[in-house]
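Welcome! Open your viewer, get chain selection ready, and let's take a short walk together.

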Amino acid sequence: MTASNTLPDAGNAGPAGTAPSQPGKPRPPRFRRTSREGYRINWWLTALMLVASLTILVPLYFTVAMALKSPDQIGTGTGLAWPNPLNWENFAKAYVATNFPKAFLSTALVTIFSVLGALASSSLVAYAIARNWNRRFFRGSFVYLLSAMFIPFPVIILPLIKQTALLGLDNPAGVAFLHILGGISFNTLLYIAFVRAIPVELEESARMDGATTWQVFFKIILPLLAPMNATVGIFAFLGSWNDFLLPQMIIADPALQTLPVVQMLFQGEFNTDYSLAFASYLMAMAPTLVVYILAQRWVLSGVMRGAVK
Amino acid sequence: MNAAVPAALLSRRSLIRAAGLAGAAALIPLTGCTAAGGPRNGITTLRFMQNKPEVVAYFNQVIKDFEALNPDIHVVQDFNEGNFVPSLVRNDPPDVVTRGFATETAEFVRKGIFADLSDLPVAKTVDPKFQDLVNSWGQYKGHETSALPFSVAAAGVIYNRDLFAAHGVAVPTTWDAFVAACETFKAAGITPIYGTFKDAWTLRQGAFDYVTGGMLDVGAFFKDLMAKGARISQQAPESFSNHYASSLPKILQLASFSQNGAASKNYADGNAAFAKGQAAMYLQGPWALSQLVQANQDIQLGTFPLPVTNNPEETKVRVNVDMALSITRNTPNRAAAERFLNYLLEPSVVNTYNEKNAAFSPLINAPADSNPHLSGVAAHVGEGRYYQGAGTYFPPSIPMNNYIQSFIYNKNGEQFLSTVDAEWRRVAERTAV
């Protein structure tokens, strides 16, 4: 245990309150608990965070509750009530109606290739630009890439549809390609800031040992980019998994359509099948939630590492 | 941190490698699928794009039956209507299309996107008065039949039969009787009409379309207006200011019978509240019926056309062609597409669809609609006493819903009409050919 927690813990919970700690007396563990690193817990901030977390938890609660309601339970009450009885068959119905496995596979493939492509392309571009900053061509190409961020997407959607059709990319592969392309400017921006902070001396020592440029990149730079890889990967994952407009417009064959578009099934012009829609949304959300929970630590550590440097 | 690098490197590299292998393996079936299209093994694949996601299951069954009878045709259903324009851009439109027929679809007709269907034998089975609803939007080259109606929806006043009976109110057939009915409910502490002003389209579809359609000859008005083209002005005899002023007080009167706080209620709120019996009447079309019944299975509903004058003979009902069938002009599978369209217009398919979806079949000799929810409007539809809502004639570039909404709030009719005139002229000038 850490040094600050040396006093014997007698187990008698002290009175609640903000009484200052007195030396020699056992501290009430609940209010003076310290974390492993020795930080004090800031209860005001924690309370604030708890309130802030409601902005996620309340909609999530509604999603789960709605997904388990039958149609006649939806119109009644305030909507806050937990459904009784639970209608698990909503999930089965939504699964069948959306042809879930097929749409899921299509979305997953688009997402996997988008994420891998985003990581590979942007980190390479960023490395090349950051290490050749003194050359006019590389500085210019950085500005060129950045300028893509200022073009609103709806302006280029029709030409893109035409191009993808000509190139035989009016399918999920084309969507993945466009996701990589669309993300390259923002991701490069993130990477370049990070690559610049990596001392050139690390590379020089590798070169002294006879490493080629590719080896330097894959053995020195890419591992050091880990936190930024996680950040870019998560952005790419979320953007690709949740994208609606691009698959809707680009994918010609309805059998290859992705989940967000297929889920439109539950929303007619005047009719919404709320319970099936939410059951389906929940199933589509599951991978996002899992990835976010798993990858959260990397993102946070990435933010902190970047901050220290 | 430095110590963590090699371990992280190892795990990440193996991770990426594994993901790459899995991805490459998974890509094989994907590329196999994308090669689909065109006749294969003597089977023609048709793409059928339809505009109502809620009836996908019905059409899946129809397609199954059709394929059993026609083993050489395979039909793929697509409800992603947002992909229609992109499919035109990539010059690969679906073979058979259904669309709601209004301004936007008329635009496609004018550009010759759809094939001429007038020679199809099945075109003769469609009641000419319903075909006129489609043709009134303009015909390609002046004579082509670009779409055949499949489903016609009639919208009126949905009413709660139990509340009407409990307060001894009969279905009104004149404007005065309607106002009296509203006063009766008001006096009894019941909201006469449930208002959902937050969703501006409900004001356009309800109060605006019903009153203008019931008082004026909307179809003729817009015909004149469009003939005038870009030369329209506010002073012109064809203008909105000249025709619509008389209808505005009644629109405001209708709105005044709504509950307090209607401005903060949307369509979904309205369905939930009306299903619970919180109001006697609801200005919505048949599309709301399924939502109302879903929320309250015991509710007794009916629909009557809003009487806007004091002559019951003049009462008309608002209709719209909810689904119209077309074949795209450049389809390579014309013959197969015609066979599928013929099948869709067989009485068993089209009549069953409309019976199930609280709509009217456009076929000659279609069985009388027995849906009790629609009993009050069936006669009007059968006799052709109907109009297409004035609001549906506006192109999307005129935010008509919002203009109507602000008119309901500020009650300034003169300003409303002059704005609409100016907007119509603006669009007419820019789109004039």
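At roughly what angle do the axes of helix H8 (residues 200-215) of chain B and helix H17 (residues 400-410) of chain B cross? Select both: their axes come within 8 Å and cross at roughly 75°. (Axes are lines fitted to C-alpha atoms, for helices over the stretch in contact, with angles from 0 to 180 degrees between N-to-C directions.) H8(B) is therefore roughly perpendicular to H17(B), a label for angles of 65 to 115 degrees.

Before moving on, two notes: this is a predicted model, where local features need pLDDT of at least 70 and side-chain atom pairs count only at pLDDT 80 or more, while totals for chains, interfaces and linings use all residues. Residues are numbered from 1 along each chain as its sequence is written, and chains are lettered from A and ligands numbered from 1 in the order in which they are written.

Next, show the side chains at this contact (C-beta atoms, placed from the backbone, within 7 Å). H8(B) contributes residues including B:Trp201 and B:Phe208, and H17(B) residues including B:Met400 and B:Ile408.

Now jump to strand E1 (residues 44-49) of chain B, where five of six residues are buried (20 or more other C-beta atoms within 10 Å of their own). Helices (H or I, at least four residues) and strands (E, at least two) are DSSP runs, numbered from the N terminus.

Finally, select strand E3 (residues 96-101) of chain B, parallel to E1(B) over two bridges. There, B:Val97 stands opposite B:Met49.

How values were computed:
A residue is buried if 20 or more other C-beta atoms lie within 10 Å of its own, exposed if 12 or fewer, and partly exposed in between; C-beta atoms are placed from the backbone. Two strands pair if DSSP finds at least two bridges between them. Angles under 35 degrees count as roughly parallel, over 145 as roughly antiparallel, 65 to 115 as roughly perpendicular and the rest as oblique. Two residues are in contact if their C-beta atoms, placed from the backbone, lie within 7 Å.
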